[in-house]
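Here are my notes on the model you sent over. Have a look at it first, then read on.

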Amino acid sequence: MNVLVIYTYPHHKSLNGAFLQKVIDGCSENDQVHEAKVIDLYKENFHPALLFNETKRRREMHKDPDLASYRELITWADKLVFVYPIWWGRPPAMLLGFIDQMFAANFAYRDGLGLFPEGLLAGKSAVCVSTMKGPAHYPRFWLNNAHQVLMKRALFGFVGIKRVTFFEFGNMEKENGNQEKKLDRIYRYFKRMKR
């Protein structure tokens, strides 16, 4: 399988950077993974704001030449892996801006005749590896699972991605946050991961 990792954190010398490296290490030792590629949104200076004018229209976002290389990578991938922190109960604005632009009509979905659109990314799967300062159960119980609802239902389900796996690691800024154990869990998951 082809794996595309979308990394959303300002630098690599961080816990999120360590999780990214464990994803890459696990994939490199997995016989099921043909190739793994990384989109580093901060390193690439991705511009997350939607900009429209007389010549750049929202309904034509699916063929924006500035985003063509990203569309090719998403099309190429069998599995999309997102590595990011959870800030204010949701992914960073940088990642949400990437999603706004890349999961566009006529690329990621097509309006159909029924109640729901046709997901054009059907057959792919996704993994979300996220970190947070607070307890791991905070989003689930205090925020009514808003993070997973946003990612699984509002995004992935809409574009046809049905198989989604979540790793939400909490207490990551504590000295006793079991960081090494959590990093090893990610490494082992990606080493054994199947399509």
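The points below go from the overall fold to the aromatic rings.

1. First, the ground rules. This is a predicted model, so to speak of local features we need pLDDT of at least 70, side-chain atom pairs count only at pLDDT 80 or more, and totals for chains, interfaces and linings use all residues. Residues are numbered from 1 along each chain as its sequence is written, and side-chain values use heavy atoms, with hydrogens and water left out.

2. The protein has 6 helices and 7 strands; helices (H or I, at least four residues) and strands (E, at least two) are DSSP runs, numbered from the N terminus. Starting at that end, the order is β-α-β-α-β-α-β-β-β-α-α-β-α. The radius of gyration is 17 Å, close to the 16 Å from the globule rule for 195 residues, so the protein is as compact as a globular protein of that length. (That radius is taken over C-alpha atoms, and the rule is 2.2 Å times the number of residues to the power 0.38.) Along the principal axes, the C-alpha atoms fill a box of roughly 55 × 40 × 35 Å.

3. How much of the protein is buried? Buried residues make up 46% of the 195, where buried means under 20% relative accessible area, exposed over 50% and partly exposed in between (1.4 Å probe, protein chains only).

4. Now the rings. Rings of Phe, Tyr and Trp (its six-membered ring) pair if their centres lie within 6.5 Å; planes under 30 degrees apart are stacked, over 60 edge-to-face and the rest tilted. That gives 10 aromatic pairs. Phe 46 and Tyr 70 make an edge-to-face one, 5.6 Å centre to centre with 75° between the planes. Phe 46 sits in the loop between strand 2 (35–40) and helix 2 (68–76) and Tyr 70 in helix 2, so the pair ties together parts 24 residues apart in sequence. Phe 46 is buried at 8% relative accessibility, and Tyr 70 is buried at 9%.

5. Tyr 109 and Phe 158 are also edge-to-face, at 4.8 Å centre to centre and 70° between the planes. They are 49 residues apart, with Tyr 109 in strand 4 (residues 109–110) and Phe 158 in the loop between helix 5 (146–157) and strand 7 (163–169). Tyr 109 is buried at 14%, whereas Phe 158 is partly exposed at 35%.

6. Lastly, ring pairs join Phe 19, Phe 167, Phe 169, Tyr 189 and Phe 190 into a cluster.
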